[in-house]
Amino acid sequence: MMKFCRYYKGEEENPFRSSDSPKYAMAFWRLECAWVNGYHPEYTMAQFKKFWPLSKPIFATAGKGLPKSLKDSIASDIICGVNLMAELNPIEVLCAYFGLPYEDPSMVKEVETTAEPEKEPVQEEDEDSFLDEEYRRRKELLKFCRYYHEENESPFDFGIQDTFWGIEKHWVERVSEDTEYEQYLIDSLALDFPDYLSHIVGIPRSLKGNLLEQYEHWYSGTDGFEDWLREYLRNDPSRDLRIV
């Protein structure tokens with residue numbers, strides 16, 4: 001992941017401390033360090049909808065080839081002001097991250113012209129709306145979670161509920177942004193349990209697949225997985241799922 005970073009290179013401490021450093025470099029180092037280590041700042045869609053149209057051309061050119069999760073972290077961090085002063089112009093900060101010049105629109109004088117007005121560009125609906133779709137998908141997935149409810153840290157002490165919280169968190173984050181990963185989980189489940197364990201209801205197939213993936217990792221096989229899945233239901237804090 002660090003091959004995509006411009007500032008963070010695996011250091012334990014932030015190396016950007018002097019006034020000679022590039023502008024915002026200290027904050028950008030923290031941003032990339034957080035991304036590499038799995039922290040994703042939260043933001044509201046209202047904030048993002050206002051920011052995205054302005055940031056889209058910058059990401060499309062300077063951010064080409066970067067992982068989507070890094071772009072999302074950059075945007076989230078700038079919007080929320082987690083590492084930056086809230087009163088800063090987010091587009092100016094984004095330009096600084098990519099080393100691009102920033103021109104304040106309020107300082108640009110309008111040029112009078114007699115030419116025909118330009119036609120409104122056709123919006124690329126799919127590209128503009130993918131973040132809205134991811135947000136909608138995330139909310140849909142959260143409806144099936146018994147333990148994870150968008151907390152930054154687990155509300156459970158060490159134990160089986162804490163384990164299930166982490167699995168659900170991973171499932172929501174990965175599946176909401178990657179439909180291919182969702183299909184991979186379903187296909188993996190089908191290899192070992194062709195009936196998708198259909199007698200255990202109320203759990204999406206991809207979540208069962210994610211639980212299976214983690215179980216196989218920790219227990220080196222599928223023996224006992226069905227009993228473990230029943231533990232997932234028995235320890236459910238809301239206890240409204242059922243086994244038929």
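User: Is C5 buried or exposed?
Analyst: C5 is buried, with a relative accessible area of 4%; buried means under 20% relative accessible area and exposed over 50%, with partly exposed in between (1.4 Å probe, protein chains only). Please note that this is a predicted model, in which local features need pLDDT of at least 70, side-chain atom pairs count only at pLDDT 80 or more, and totals for chains, interfaces and linings use all residues. Residues are numbered from 1 along each chain as its sequence is written, and side-chain values use heavy atoms, leaving out hydrogens and water.

User: Which cysteine sulfur is closest to that of C5?
Analyst: The closest one is in C33, 8.8 Å away, which is too far for a bond. C33 is likewise buried, at 19%.

User: How many disulfides does that leave?
Analyst: The count is 0 disulfides, where a disulfide is a pair of cysteine sulfur atoms within 2.5 Å.

User: Changing topic, which residues of α7 are buried?
Analyst: They are Y181, E182, L185, I186 and L189. Seen down the axis of α7, these buried residues fall within an arc of 145°, so they line one face of the helix; the arc is that of the directions from the helix axis to the C-beta atoms. Helices are DSSP runs (H or I, at least four residues), numbered from the N terminus.

User: And which residues are exposed on the other side of α7?
Analyst: E180 and L191 are exposed there. At the start of α7, a side-chain oxygen of D178 reaches to within 3.0 Å of the backbone nitrogen of E180.

Conventions:
Helix = DSSP H or I, 4+ residues; strand = E, 2+ residues; numbered from the N terminus. Polar contact = N/O pair within 3.5 Å; in protein donor to acceptor, adjacent residues only side chain to side chain.
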